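Let's take a walk through a protein model together, one step at a time.

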Amino acid sequence: MFLALVEDLQPLSIVEAGAAHVEAATALLRRFSDQRLTLTDAVGMHLMQTRRIQTCWSTDRHLGLTGVPLVIG
């Protein structure tokens, strides 16, 4: 059910996290070392910055640390 919902969302795109994304995410983990972030959190934060995402639908408050407004769902 959830996968079908994700597949139907438009204009959702799935982005592969390569070495450059992981390297940038690691820098974010260091920058926010006082937070309980996962590598997945940090990769998401990096992608939102580089792709100029204007709003993030999430219940994970960490994703807003870089200034992207969250719509808490």
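Before we start, we need one idea: two residues are in contact when heavy atoms of theirs lie within 4.5 Å. Among contacts between residues at least 6 apart in sequence, 22% join residues at least 24 apart. Please keep in mind that the model is predicted.

Now for the overall plan. The C-alpha trace spans about 35 × 25 × 20 Å along its principal axes. Of the 73 residues in the chain, 25% are buried.

Next, find helix 2, residues 19–31, and helix 3, residues 39–50. How do these two helices meet? Their axes come within 8 Å and cross at roughly 105°. Angles from 65 to 115 degrees count as roughly perpendicular, so helix 2 is roughly perpendicular to helix 3. From helix 2, the contact is made by His21, Val22, Ala24, Ala25, Leu28, Leu29 and Arg31. Helix 3 answers with Leu39, Ala42, Val43, Met45, His46, Leu47 and Gln49. Sorted by class, the residues of this contact are 10 nonpolar, three polar and one charged.

Let's zoom in on one of these residues. His46 sits in helix 3. Is His46 buried or exposed? Its relative accessible area is 13%, and because buried means under 20%, His46 counts as buried. Leaving out residues up to four places away in sequence, His46 touches His21, Ala24 and Leu28.

Gly44 also has its place in helix 3. With a relative accessible area of 23%, Gly44 is partly exposed.

Now move along to the loop between strand 1 and strand 2, where you will find Thr66. At 19% relative accessibility, Thr66 counts as buried. Which residues does Thr66 contact, leaving aside its neighbours within four places in sequence? They are Leu28, Phe32, Met45 and Gln49. You have already met Leu28 on the helix 2 side of the contact between the helices, and Met45 and Gln49 on the helix 3 side.

Thr59 has its place in the loop between strand 1 and strand 2 as well. Here the relative accessibility is 60%, so Thr59 counts as exposed. Thr59 and Val22 are 37 residues apart along the chain, and 23 Å separates their C-alpha atoms.

Finally, let's look for empty space. Rolling a probe the size of a water molecule over the atoms shows where such space is left. The largest pocket has a volume of about 970 Å³. It is lined by 25 residues, and the closest to its centre are Leu12, Ser13, Met48, Cys56 and Trp57. Helix 1 (2–8), helix 3 and strand 1 (56–57) are the elements that each give two or more residues to this lining. Which element gives the largest share? That is helix 3, with six residues. By class, the lining has 16 nonpolar, six polar and three charged residues.

Notes:
Residues numbered from 1 in each chain as written. Predicted model: local features only at pLDDT ≥ 70, side-chain atom pairs only at ≥ 80, totals over all residues. Heavy atoms only, no water. Axes fitted to C-alpha atoms, helices over the stretch in contact; angles between N-to-C directions. Helix = DSSP H or I, 4+ residues; strand = E, 2+ residues; numbered from the N terminus. Parallel < 35°, antiparallel > 145°, perpendicular 65-115°, else oblique. Nonpolar A, V, L, I, M, F, W, Y, C, P; charged D, E, K, R; others polar. 1 Å grid on protein atoms, 1.4 Å probe; cavity = no way out; pocket = protein on both sides within 12 Å on 5 of 7 lines; lining within 4 Å. Points joined across faces, edges and corners; volume = space filled by probe spheres on them. Buried < 20%, exposed > 50% of the residue type's maximum accessible area, 1.4 Å probe, protein only.
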